[in-house]
Amino acid sequence: MKSKRKAILLLLISALFLSLWGCIPDRHTGDADRTVEERSGQSGGASAGQNAEVTEGTREYRGFLLDNVLHADSGDIHYNVYIPDSYDGSRPYALFFTLPGYQGLYFQGVGENVMTEDFGFTARDYYEDMIIVAPQLEDWGETSAVQTIDLVEYFLGNYNIDRSRVYGEGYSGEGETMSLVMGRRPELFTAYLQGSSQWDGGYEAVAESRTPVYLVIGENDEYYGSEPTREAYDNLYALYRRQGMSDEEIDRILVLDIKDRSYFERQGYSNQHGGGGALFSHDEDIMGWLFKKVKE
């Protein structure tokens with residue numbers, strides 16, 4: 001009988017604790033305290049065909065709110081997001097999507113992409129007024145490409161975004177995903193940076209939209225080699241020449257940057273594939289090219 005009374009007492013104490021805990025303000029500070037609607041400056045209204053329901057994350061890492069989930073027709077899309085404290089929806093902000101290598105996919109653990117890659121952090125050096133989205137997808141194929149498009153359209157439809165400054169970047173495996181996205185919907189982006197990867201998508205839509213593309217990889221990348229990247233450049237270049245563009249015009253929107261061994265070794269890396277993930281995000285010539293582009 002005594003143990004039964006003790007169990008009941010413990011249950012009552014637990015219930016009281018939980019009720020009090022629910023009254024305690026959110027321990028996160030800054031922008032994470034606001035709801036999706038407050039941060040967006042809108043009260044819903046995603047793009048046509050989009051499910052605007054979002055389950056917000058509860059953890060933060062260096063300004064990113066981790067493990068938000070967009071419940072879309074294409075499935076649950078996990079993403080981490082950085083929204084500046086200054087954003088209130090009253091004026092348009094730039095938008096940057098950064099997709100990681102294999103180590104940053106969702107099954108590797110929540111937040112592994114932003115914990116292992118710096119693209120989402122060094123991007124802040126170029127624009128203070130920029131929302132940064134770091135999706136954690138399940139693979140680097142068609143499903144992930146569709147989900148990336150869904151997520152881009154969600155942000156375009158629910159946040160006050162400057163459509164002339166929407167940037168995409170994909171490293172390694174998710175560079176393949178982003179190339180598929182570019183093959184389908186290049187007009188969503190102002191410019192695209194692909195690092196240490198290969199192009200799996202189509203080329204015609206990119207050439208038609210003339211969306212600027214920067215392709216960078218180590219000459220002897222251990223995973224891909226540099227030939228697939230050269231081939232992607234050659235295919236896009238040929239399409240632009242068919243359109244009658246001059247070399248000077250093409251150079252403004254298409255860049256092939258093959259880094260030799262010395263680029264990596266002088267910065268302390270012997271591995272060109274992993275070195276690309278570490279170094280390209282800190283290279284001002286590479287990142288500066290991306291964020292200087294503004295859609296006319």
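Guide: Buried means under 20% relative accessible area, exposed means over 50%, and partly exposed lies in between. This is a predicted model.

Visitor: Why is arginine 230 called partly exposed?
Guide: Its relative accessibility is 28%. That value falls between 20% and 50%, so arginine 230 counts as partly exposed.

Visitor: Why does glutamate 227 get the label exposed?
Guide: Glutamate 227 has 53% relative accessibility.

Visitor: What makes arginine 230 and glutamate 227 a salt bridge?
Guide: Side chains of opposite charge can pair when their charged atoms come close. For arginine 230 and glutamate 227, the closest N and O atoms are 3.5 Å apart. The limit is within 4 Å, so the pair qualifies.

Visitor: How are arginine 230 and glutamate 227 placed in helix H8?
Guide: They are three residues apart in H8, residues 227-242. That separates them by about one helical turn.

Visitor: What makes glutamate 265 and arginine 261 a salt bridge?
Guide: Their closest N and O atoms are 3.6 Å apart. That is within 4 Å, so this pair counts too. Both residues lie in helix H10, four residues apart, about one turn of the helix. Glutamate 265 is partly exposed at 46%, while arginine 261 is exposed at 56%.

Visitor: How many salt bridges does the whole structure hold?
Guide: A search finds eleven. One of them pairs glutamate 142 with arginine 184, with the closest N and O atoms 2.4 Å apart.

Visitor: What makes that pair a link between distant parts of the chain?
Guide: Glutamate 142 sits in helix H5 and arginine 184 in helix H6, 42 residues apart. Relative accessibility is 43% for glutamate 142 and 42% for arginine 184. Both values lie between 20% and 50%, so both residues count as partly exposed.

Visitor: How do the axes of H5 and H6 meet?
Guide: H5 covers residues 142-158 and H6 covers residues 173-184. Their axes come within 8 Å and cross at roughly 65°. The crossing is right-handed. Contacts come from Glu142, Ser144, Ala145, Val146, Thr148 and Ile149 on the H5 side, and from Thr177, Met178, Leu180, Val181 and Arg184 on the H6 side.

Visitor: Why is serine 144 called buried?
Guide: Its relative accessible area is 1%. Buried requires under 20%, so serine 144 qualifies. Serine 144 is found in H5. Beyond four places in sequence, it touches Leu137, Glu138, Asp139 and Thr177.

Visitor: How do you know that methionine 178 is buried?
Guide: Methionine 178, in H6, has 0% relative accessibility. That is under 20%, so methionine 178 counts as buried. Leaving aside neighbours within four places in sequence, methionine 178 is in contact with Leu99, Thr148, Gly168, Glu169, Gly170, Phe189 and Tyr192.

Visitor: Gly168 is on that list. Why is glycine 168 called buried?
Guide: Its relative accessible area is 0%, under the 20% cut-off, so the word applies. Glycine 168 belongs to strand S7, residues 161-171. Among the residues it touches are Phe96, Phe97, Met178 and Leu290. Leucine 193 is 25 residues away in sequence, with a C-alpha to C-alpha distance of 6.3 Å from glycine 168.

Visitor: Why is helix H11 described as largely enclosed?
Guide: Six of its eight residues are buried, so the rest of the structure largely encloses H11. The buried ones are Gln272, His273, Gly275, Gly276, Gly277 and Leu279. Their cover includes helix H4, strands S7, S9 and S10, and helix H10.

Visitor: What makes Tyr102, Phe107 and Trp140 a patch?
Guide: They form a nonpolar patch on the surface, with about 330 Å² of accessible area together. Membership needs over 30% relative accessible area. Tyrosine 102 has 44%, so it clears that cut-off. Tyrosine 102 lies in the loop between strand S5 and helix H3.

Visitor: How much of the protein counts as buried?
Guide: Of its 296 residues, 51%. The secondary structure comes to twelve helices and ten strands.

Terms used:
Residues numbered from 1 in each chain as written. Predicted model: local features only at pLDDT ≥ 70, side-chain atom pairs only at ≥ 80, totals over all residues. Heavy atoms only, no water. Patch = residues over 30% accessible without salt bridge, like charges linked within 9 Å, V, L, I, M, F, W, Y side chains within 5 Å. Areas by Shrake-Rupley, 256 points an atom, 1.4 Å probe, with all protein chains shown as cover. Salt bridge = Lys/Arg side-chain N within 4 Å of Asp/Glu carboxyl O. Helix = DSSP H or I, 4+ residues; strand = E, 2+ residues; numbered from the N terminus. Buried < 20%, exposed > 50% of the residue type's maximum accessible area, 1.4 Å probe, protein only. Axes fitted to C-alpha atoms, helices over the stretch in contact; angles between N-to-C directions. Left-handed = near helix turned anticlockwise from the far one by under 90°. Contact = heavy atoms within 4.5 Å.
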